[in-house]
Amino acid sequence: MRPGLRRFVAVASAVLAVSLLAVASPAGAMTPEVVHGQEVILSSGVTRDVCGNVARFDVSGTETFTIVDMGDGVSHVQVTERGTYTVTFLDSSLGVWEGTFHGTASVQATPGGTYVSIATVNNQEGPVRIHRLVQFVIGPDGTIQVVDFKDDVVGCPTG
């Protein structure tokens, strides 16, 4: 799994875990508690791109989230990330690409302790288009079941 997607899924799961601790409603509460937030994303690092080339990624964007706690063991978390990035390849013959990213994740927590998560990623990186869908369920015992994983990458340079 690409580091950006791993981070995205981890962030959505962490937001859910924090939300369940931070905004738990008293038993029997009638009105859901809603929390909205936004964070700035600034990161850079060297890793392989989806085509297998080593590059430095400089990323900037925003992450917004909404947490709804129904107070009866049911919660919903919605996370959206948007931004731009620059891909500077270590092999200078590949040049420098500009990229955009947009991702969403939603996590639904049920009263029985099961979490259902769906994450989508849509990136345009130079000539490469990346679409991903990941759906997984975390059971009350912590078992993770991947329900769906689709990875569509088009436009990798050949050489």
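1. Basis of the note. The model is a predicted one, in which local features need pLDDT of at least 70 and side-chain atom pairs count only at pLDDT 80 or more, while totals for chains, interfaces and linings use all residues. Residues are numbered from 1 along each chain as its sequence is written, and side-chain values use heavy atoms, with hydrogens and water left out.

2. Overall content. The protein has one helix and seven strands, where helices (H or I, at least four residues) and strands (E, at least two) are DSSP runs numbered from the N terminus. Along the sequence these elements follow the pattern α-β-β-β-β-β-β-β. Of the contacts with a separation of 6 or more, 50% join residues 24 or more positions apart, a contact being heavy atoms within 4.5 Å.

3. Burial and surface. Of the 159 residues in the protein, 33% are buried; buried stands for under 20% relative accessible area, exposed for over 50%, and partly exposed for what lies in between (1.4 Å probe, protein chains only). The protein exposes about 8500 Å², and carbon and sulfur atoms supply 59% of that area. Accessible areas come from the Shrake-Rupley method with a 1.4 Å probe, and for residues only the protein chains shown count as cover.

4. The sheet. The seven strands form an open sheet in the order β1-β2-β3-β4-β5-β6-β7, with antiparallel pairing. Its edge strands are β1 (33-48) and β7, each of which pairs on one side only. From one strand to the next, the twist averages 10°. Two strands are taken to pair if DSSP finds at least two bridges between them, and the angles, which run from 0 to 180 degrees between N-to-C directions, rest on axes that are lines fitted to C-alpha atoms, for helices over the stretch in contact.

5. The β6–β7 hairpin. Strand β6 (residues 128-138) pairs with β7 in the antiparallel sense over ten bridges. The two strands form a hairpin with five residues between them, and Gly-142 in the turn has a positive phi of about 90°. Among the facing positions, Val-137 stands opposite Gln-145 in β7, and Ile-130 has Val-153 in β7 as its bridge partner.

6. Asp-152 counts as partly exposed because its relative accessible area is 32%, and Arg-129 counts as partly exposed because its relative accessibility is 28%.

7. Further salt bridges. Another is made by the side chains of Arg-132 and Asp-151, at 2.6 Å from N to O. This pair too links distant parts of the chain, with Arg-132 in strand β6 and Asp-151 in strand β7, 19 residues apart. Arg-132 is buried because its relative accessible area is 9%, whereas Asp-151, at 40%, is partly exposed. The side chains of Lys-150 and Asp-148 also meet in a salt bridge, at 3.4 Å from N to O.

8. A buried serine. Ser-117 lies in strand β5 (residues 115-125) and counts as buried because its relative accessibility is 4%. Leaving aside residues up to four places away in sequence, Ser-117 touches Ser-106, Val-107, Val-134, Gln-135 and Phe-136.

9. A nonpolar patch. Val-46, Val-54 and Leu-90 make a nonpolar surface patch of about 250 Å². Patches are made of residues with over 30% relative accessible area and no salt bridge, like charges being joined within 9 Å and nonpolar side chains (Val, Leu, Ile, Met, Phe, Trp, Tyr) within 5 Å. Val-54 lies in strand β2 (residues 54-69) and counts as partly exposed because its relative accessibility is 30%.

10. Thr-158 is found in the segment after β7 (144-154), and it counts as exposed because its relative accessibility is 80%. Thr-158 and Cys-51 are 107 residues apart in sequence, while their C-alpha atoms are 9.2 Å apart in space.

Key:
Salt bridge = Lys/Arg side-chain N within 4 Å of Asp/Glu carboxyl O.
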